[in-house]
Amino acid sequence: MKKIHIALVGAQPVPIYNGIRYINPDKVVYIYSEDTRDALKRLEEEVNIESEKIKLNPVEMTDIEKNVQELADSFSNNDISINISGGTKAWTYFFIEHFGKKQNATIFYVDQNNTIWDMTNKTKTPIPFDMDSHFRLYGNPLKHYVKFADYTEADFKSMQTLERMRRKNYEDFNNLTTQLSKKWANKLTNQKNGKFPLDNGSYVEWEKEEFVRLVLKTRLGFEEQKLESPNAVSLAFNSGWFEYKIARMISKWKHSKEIRMNCIFPPRFDGKENIKFPKNEVDIIVDTGFKPLFVECKTKIFSSNDIDKFRTVVKNYGGMGSKALFVTEVKMTDTQKEKCEESGIISFSLQDEHRRLPVEIALYQLLEKELFGINIK
């Protein structure tokens, strides 16, 4: 008996893909509409199985029922599975109506935690998460990133040194490494080496893949530190040290399977060479074994636009099932916390009291509380 899998394709292709992985059928029948043509195309690119495509009206009941009845008749001698995770409610109703009582049919859906819920046999089955396929299916292949595992002990020492130096003179440290002018930012991006000086004698000089020398004016004179590690430059500038600090913290969490840093998503176009989503960088993405966790790291939030931008990035590049975490060093204001909550973003500040728990334990407990929740928007 041939295994036929019927997939109702909606805007979210990942649950459909995971259903196909779970069933491993001989043939897939994709039910799609004009609005889900792009999702279908990405599924076809990812799945190497014999397939058939049936375009169905998303709402016209007479047309839907006629086509579903024809499918039920044509596959009466096959082993049928139906994934109702996608598509319209009208599709779902008629597929359950016509296949639900058939002995040769199984109906299931896939939730945001990569769990198969078999409605016929009343069982649930978790399936492995594939982060690279996840991003490809949303049209956002993630090819440019730095593996957290590639950071070294020397990088860790550089991070600690930068934290100590920052405490010596916050203003000069930020002016030299974080609040860069366009001219300095351009030099940092395009030159192999350079030097940024301040009028009071503080300065930073750097040579990529070699070192960073940081000299800060303090109450007791000038203090100098030289950082020599593979990622010294990325740690020293644009709060890279803080991102690495948070990544190290998350790396010890039991659901952290892989961590990617400085993740760059290429721009997406609408098929007419118009940019649909611009190029964007995400500080940290964690493979939790169930779904991606996007992490934004800032020592302090200066504008609510930071939260809005992060929410948009997660939605555009991660899909409905992705989780988002915004971490700050200083406490967030009540308004900022509320905005995070309204945007479906988990908020966490290192300087919160955390019920007197160690900061790492407080973070892990928060993440475990939120990880398996279902996003509603």
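**Note on the salt bridges**

1. R311 counts as partly exposed, its relative accessibility being 37% (buried means under 20% relative accessible area, exposed over 50%, and partly exposed in between, with a 1.4 Å probe and protein chains only). R311 forms a salt bridge with D308, in which the closest N and O atoms are 3.7 Å apart (a salt bridge being a side-chain nitrogen of Lys or Arg within 4 Å of a carboxyl oxygen of Asp or Glu). Because D308 and R311 lie three residues apart in helix α11 (residues 305–318), about one helical turn separates them; helices here are DSSP runs of H or I with at least four residues, strands are runs of E with at least two, and both are numbered from the N terminus.

2. The model is predicted, so that local features need pLDDT of at least 70 and side-chain atom pairs count only at pLDDT 80 or more, while totals for chains, interfaces and linings use all residues. Residues are numbered from 1 along each chain as its sequence is written, and side-chain values use heavy atoms, with hydrogens and water left out.

3. The side chains of E46 and R136 meet in a salt bridge of 2.6 Å, N to O. This pair links distant parts of the chain, since E46 belongs to helix α2 (residues 37–46) and R136 to helix α5 (residues 131–137), 90 residues apart. R136 is partly exposed, with a relative accessible area of 37%.

4. E44 and K53 also meet through their side chains in a salt bridge, at 3.7 Å from N to O. E44 is partly exposed at a relative accessible area of 31%, and K53 is likewise partly exposed, at 46%.

5. As a total, the structure holds 18 salt bridges.
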